[in-house]
Amino acid sequence: MKAEYKSLYEKFGLNVFYYRKKARLTQEGLAELADLDRSHISAIELGNVGASMDVIFKLSEVLGVEPKTLFDFRD
């Protein structure tokens, strides 16, 4: 990941965190439903890793939001 994009990864992660909490899911619960490892969910939420398009689509499906919603960054 390029350092110049770190803040965008963090904003994406905050949105995943927000919608996960809104869905009343734990990281473990989201990971199970999305067929991912809990540590991967944690890393995404912290902005430490990027998410592939497949992962973004799966997360949005499980969280019940459109993929573009995860990119609706707030200031």
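Reader: Leaving aside its neighbours within four places in sequence, which residues is Ala31 in contact with?

Author: Ala31 is in contact with Leu36, Asp37, Arg38 and Ile41, where contact means heavy atoms within 4.5 Å. The model is predicted, so local features need pLDDT of at least 70 and side-chain atom pairs count only at pLDDT 80 or more, while totals for chains, interfaces and linings use all residues. Residues are numbered from 1 along each chain as its sequence is written, and side-chain values use heavy atoms, with hydrogens and water left out.

Reader: Why is Ala31 called buried?

Author: The relative accessible area of Ala31 is 1%, and a residue is buried under 20%, exposed over 50% and partly exposed in between, with a 1.4 Å probe and protein chains only; Ala31 is therefore buried.

Reader: How many helices and strands does the chain have?

Author: The chain comes to 4 helices and 0 strands, these being DSSP runs numbered from the N terminus (H or I of at least four residues for helices, E of at least two for strands). Along the sequence the pattern reads α-α-α-α.

Reader: What makes the radius of gyration agree with that of a compact globule?

Author: A compact globule of 75 residues would have a radius of gyration near 11 Å, and the chain has 11 Å, so the value agrees; the radius is taken over C-alpha atoms, and the globule rule is 2.2 Å times the number of residues to the power 0.38. The C-alpha trace spans about 30 × 20 × 20 Å along its principal axes, and 33% of the 75 residues count as buried.

Reader: Which residues have the most contacts inside the largest nonpolar core?

Author: They are Phe12, Val16, Leu30, Ile44, Leu59, Leu63 and Leu70, in a core of 15 residues; such a core is a set of buried Ala, Val, Leu, Ile, Met, Phe, Trp, Tyr and Cys residues joined through side-chain atoms within 4.5 Å. Helices α1, α2 (27–34), α3 (38–45) and α4 each give two or more residues to this core, and the largest share, 4 residues, comes from α4. Leaving aside neighbours within four places in sequence, Leu70 is in contact with a list of residues including Phe12, Val16, Leu59 and Leu63.

Reader: Why is the pair of Phe12 and Phe71 called tilted?

Author: A search of the whole structure finds 3 aromatic pairs. The ring centres of Phe12 and Phe71 are 5.0 Å apart and the planes stand at 40 degrees, whereas the rule asks that rings of Phe, Tyr and Trp (its six-membered ring) have centres within 6.5 Å, with planes under 30 degrees apart counted as stacked, over 60 as edge-to-face and the rest as tilted; the pair is therefore tilted. Phe12 lies in helix α1 (residues 6–22) and Phe71 in the segment after α4 (53–63), 59 residues apart, and the pair links these distant parts of the chain. Phe12 is buried at 7% relative accessibility, while Phe71, with a relative accessible area of 43%, is partly exposed. Ring pairs also join Phe73 to these two, giving a cluster of Phe12, Phe71 and Phe73.

Reader: What makes the aromatic pair of Tyr18 and Tyr19 edge-to-face?

Author: The angle between their planes is 85 degrees, with 4.8 Å from centre to centre, and the pair is edge-to-face. Tyr18 has a relative accessible area of 41% and is partly exposed, but Tyr19, at 11%, is buried.

Reader: How far is Arg74 from the ring centre of Tyr18, over whose face it lies?

Author: The distance is 5.3 Å, and a charge sits over a ring if NZ of Lys or CZ of Arg is within 6 Å of the ring centre and within 35 degrees of the ring normal.

Reader: What is the phi of Arg24, which is not a glycine?

Author: Arg24 has a positive phi of about 55 degrees. Most residues other than glycine have a negative phi. Arg24 is found in the loop between α1 and α2 and, with a relative accessible area of 80%, is exposed. Asp35 likewise has a positive phi, near 55 degrees; its place is in the loop between α2 and α3, and at 69% relative accessibility Asp35 counts as exposed.
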